[in-house]
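Q: I have a structure open and would like to go through some of its side chains. Could we take them one at a time?

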Amino acid sequence: MKKITLIAYVLIIIGSSCKKDKSPNPTGSTVTSGSLTPWENSLVGQWKLKRSEIRSNAFSPGLGDSTFQYTNHYNYINSQLNLTASPDMVYNGTQYYHATFGYQDNTPPESNWAWAGGAGSSIDIPGTPNIFSIIYLSTDSLVLDYVNGGQRLFFNKTTTPPVLNNIESKLVGGIWTQVTHNGSAPLSPTFKMFFNNWYSTDGYLGKDSTTFAVPFSWQVLFPNRAIPIFYTNSSSNGPYYKITTLTANSLTLEYINPGSYSTTLWTDVYSR
């Protein structure tokens, strides 16, 4: 998977273990599809992920932050938990309902899910009871612990579309012209333009001198960290860059491979 692994390497467990089991009911028992219980009904809705925390000592070297315990989410299109009232499947005699779940801002949510209200203020998926413990629930806020509390997820029901975060807003406006590539002047004029309108599931609209006819998507991940991450789906460049300099007129992007402990592979400097 090409998406960034700063938080996904732990949370990917959710994606692999929480997909619903499409196999037949192993007990052979059946139930009649009916309405949700009052407890389940209180959970129905499109919950937008605002913050995720890893409660462990794991961290990713090279990004100026050794805590590696949180991500503030801004893309509520992808990062969400949508619990519906549509009957989905029966597992071990329990009626489950359809759901979608996404925990990465630049990855569309997984739709192959089923859920049911569990015992003791919890949410079950087929074959995995009590996978989410409900820490807090109100009409517009939901806080979940995943399994043993290794991850805590904070949701609300905001309908506000994605908006530029504090780093993204600094990139928008004007043309960024490349000054150097790995310390040398570029062979041809190279520039980038960043816009504030949402372009695709990968981010906001962007254009540059190499793919101007085919716009690309971009966004900034982990904007509150010491070193934010610039993400782009532009085919002319790698997807992930550390933002190590950003002023009104200067931008430094260091291309990284997250699987290589964020070691800089090359550096691009821009001005405007």
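Q: Asp268 first: is it buried or exposed, and what is the nearest side chain of opposite charge?
A: This is a predicted model. In it, Asp268 is buried and has no salt bridge. The nearest side chain of opposite charge is that of Lys192, 6.7 Å away. A salt bridge requires a side-chain nitrogen of Lys or Arg within 4 Å of a carboxyl oxygen of Asp or Glu, so Lys192 does not qualify as a partner.

Q: Which side chains make polar contacts with Asp268, then?
A: The side chain of Gln178 makes one with that of Asp268, at 3.0 Å. The side chain of His181 makes another, at 2.5 Å.

Q: Where does Asp268 lie, and what does it touch?
A: Asp268 belongs to strand 17, which covers residues 264-271. Not counting residues up to four places away in sequence, Asp268 touches Gln178, Thr180, His181, Tyr241, Leu251, Thr252 and Leu253.

Q: Changing topic to Pro186: where is it?
A: Pro186 sits in the loop between strand 10 (176-181) and strand 11 (191-200). Its C-alpha atom is separated from that of Asp268 by 9.5 Å, with the two residues 82 apart along the chain.

Q: On to the rings. How many aromatic pairs are there?
A: The count comes to 16 aromatic pairs. One of them is formed by Tyr97 and Trp115, whose ring centres are 6.0 Å apart. Their planes are at 50 degrees, so this pair is tilted.

Q: Which parts does that pair tie together?
A: Tyr97 lies in strand 4 (residues 94-102) and Trp115 in strand 5 (residues 110-118), so the pair ties together parts 18 residues apart in sequence. Tyr97 and Trp115 are buried.

Q: What about Phe101 and Tyr103?
A: Phe101 and Tyr103 also form a tilted pair, at 5.9 Å centre to centre with 35 degrees between the planes. Both residues are buried.

Q: Which residues do ring pairs link into a cluster?
A: The cluster consists of Phe194, Trp198, Tyr204, Trp218, Phe230, Tyr241, Tyr255 and Trp266. Tyr241 is also among the residues that Asp268 touches.

Q: Last one: what sits over the ring of Trp47?
A: The charged end of Lys157 does, 4.4 Å from the ring centre.

Definitions and conventions
Residues numbered from 1 in each chain as written. Predicted model: local features only at pLDDT ≥ 70, side-chain atom pairs only at ≥ 80, totals over all residues. Heavy atoms only, no water. Phe/Tyr/Trp six-rings, centres within 6.5 Å; stacked < 30°, edge-to-face > 60°. Helix = DSSP H or I, 4+ residues; strand = E, 2+ residues; numbered from the N terminus. Buried < 20%, exposed > 50% of the residue type's maximum accessible area, 1.4 Å probe, protein only. Lys NZ or Arg CZ within 6 Å of the ring centre and 35° of its normal. Lys, Arg positive; Asp, Glu negative; His and termini not counted. Polar contact = N/O pair within 3.5 Å; in protein donor to acceptor, adjacent residues only side chain to side chain. Contact = heavy atoms within 4.5 Å.
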